[in-house]
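Good morning, and thank you for coming.

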Amino acid sequence: MKSSEEIAVSGMSAGRSAMRMGPAELVQAAAMARRFYLEGKSKIQIAEEFGVSRFKVARVLETALERDLVRIEIRVPAELDAERSDALRARYGLRHAVVVESPAEASEESPDPENLGEVAADLLGELVDEGDVLGLAWGRSTIHMAAALDRLPPCTVVQLTGVYDAGTAERGSVEAVRRAAQVSGGDAHPIYAPMLLPDAATAAALRNQTGIARAFEYFDKVTVACVSIGSWEAGISTVHDMLSDEERSHYVSLGVAAEMSAHLFDADGRRVGRDLGERCITVKTDQLRRVPEVVAIAGGRRKAAAIDAVLRSGLVTSLVTDTSAADYLMTAGPTPKPALNRADPDGI
């Protein structure tokens, strides 16, 4: 995932514009460029070697670039879009934004591309340090991410939400937590409970169970969290699919546009339907807001508006997405507040 720079320093084949320099100038410029770009020497060191001022060295290096004597190529893996990534990071004030090329066969109906999980796994390998507490929320993207992990420093891994279906825990978030802990060699704290309960009282009782309570104790210690985002429609939001038609209509009337970790948001990033959270086994939004690094993994045109809403909530610091969603996000409504401010829209 890291950019690699290839510096090509040439002499007599530099091109017609470079040939306007005399042969001695060409040789000296090529030598200085080699020292600076390939050998890593400072302008002061080069100036001392050639017996000129550092300002002369700076002019020669600038001329070498202008006249095509030196060519700098910045290359990233083909699946990454560096230009969109940087533009998206700047627009939302994110710490990291990584945009992956959408699959050629992708359509507006396509779910998150699976390669988002692979890229997110590499990103976590960069972000997680030894001794960190890594939190994983339920989501197809986070499950794909965990499956793709091949390196993590020693860290504690905790599950941030219950599971979509307790009967599929072995193939879902519980297994994702186990996988991440196995790769890191750290402790795992899974949650063996459904994400959504029939009522608040049942949810409260489950939170007090020993194993679940132990996982909840780590929520305030999480240093890096990984979450998924869902738009409020069938097949795209786990919580949407777990509710009755009447309940869905109720939350639609409140203006819900996005869901993350069983929390609902309107298009401006404000929380709606707070009563739903009382029925869920999940990390609280104020806890997520205190996590130093919250990485969201979500892509596809169908999720683009939901991603915009969650980014405006101030809960997310970094994003892994695809070009289809990124193109929408770059023109979505007024420029949002910088994500790193962690501003709460509900407090405005």
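Predicted model: local features only at pLDDT ≥ 70, side-chain atom pairs only at ≥ 80, totals over all residues.

Strand β10, which covers residues 263-265, pairs with β11 in the antiparallel sense, and the two are joined over 2 bridges. Within this pairing, L264 stands opposite V272 of β11.

The loop between β9, residues 258-260, and β10 contains S261. S261 is not a glycine, yet it has a positive phi of about 55°. As background, most residues other than glycine have a negative phi. Is S261 buried or exposed? Its relative accessible area is 4%, and S261 therefore counts as buried.

R342 is located in the segment after α15, which spans residues 323-329. With a relative accessible area of 15%, R342 is buried.

I turn now to the charged side chains. In general, side chains of opposite charge can pair when their charged atoms come close. How many salt bridges does the structure hold? There are 15, and I shall describe some of them.

Let us begin with D81 and R84. They form a salt bridge in which the closest N and O atoms are 2.4 Å apart. D81 has a relative accessibility of 11% and so counts as buried, whereas R84, at 30%, counts as partly exposed.

The next pair is D220 and R290, whose closest N and O atoms are 3.1 Å apart in their salt bridge. What does this pair tie together? D220 lies in the loop between α9, residues 210-216, and β7, residues 224-228, while R290 lies in helix α13, residues 285-290; the pair therefore ties together parts that are 70 residues apart in sequence. Both D220 and R290 are exposed.

R290 also forms a salt bridge with D286, and here the closest N and O atoms are 4.0 Å apart. D286 and R290 both lie in helix α13, 4 residues from each other, which is about one turn of the helix. D286 counts as partly exposed because its relative accessibility is 40%. R290 has a relative accessible area of 53% and is therefore exposed.

Finally, I would draw your attention to a group of acidic residues. Which residues form the negative surface patch? They are E79, E101, E114 and E118. Of these, let us consider E101, which is found in the loop between β3, residues 96-100, and α5, residues 115-127. E101 has a relative accessibility of 33%, and so it counts as partly exposed.

To close, I would ask you to keep two places in view as you return to the model. Thank you for your attention.

How values were computed
Residues numbered from 1 in each chain as written. Heavy atoms only, no water. Patch = residues over 30% accessible without salt bridge, like charges linked within 9 Å, V, L, I, M, F, W, Y side chains within 5 Å. Areas by Shrake-Rupley, 256 points an atom, 1.4 Å probe, with all protein chains shown as cover. Salt bridge = Lys/Arg side-chain N within 4 Å of Asp/Glu carboxyl O. Lys, Arg positive; Asp, Glu negative; His and termini not counted. Charge placed at Lys NZ, Arg CZ, Asp CG, Glu CD. Buried < 20%, exposed > 50% of the residue type's maximum accessible area, 1.4 Å probe, protein only. Pairing = 2+ DSSP bridges.
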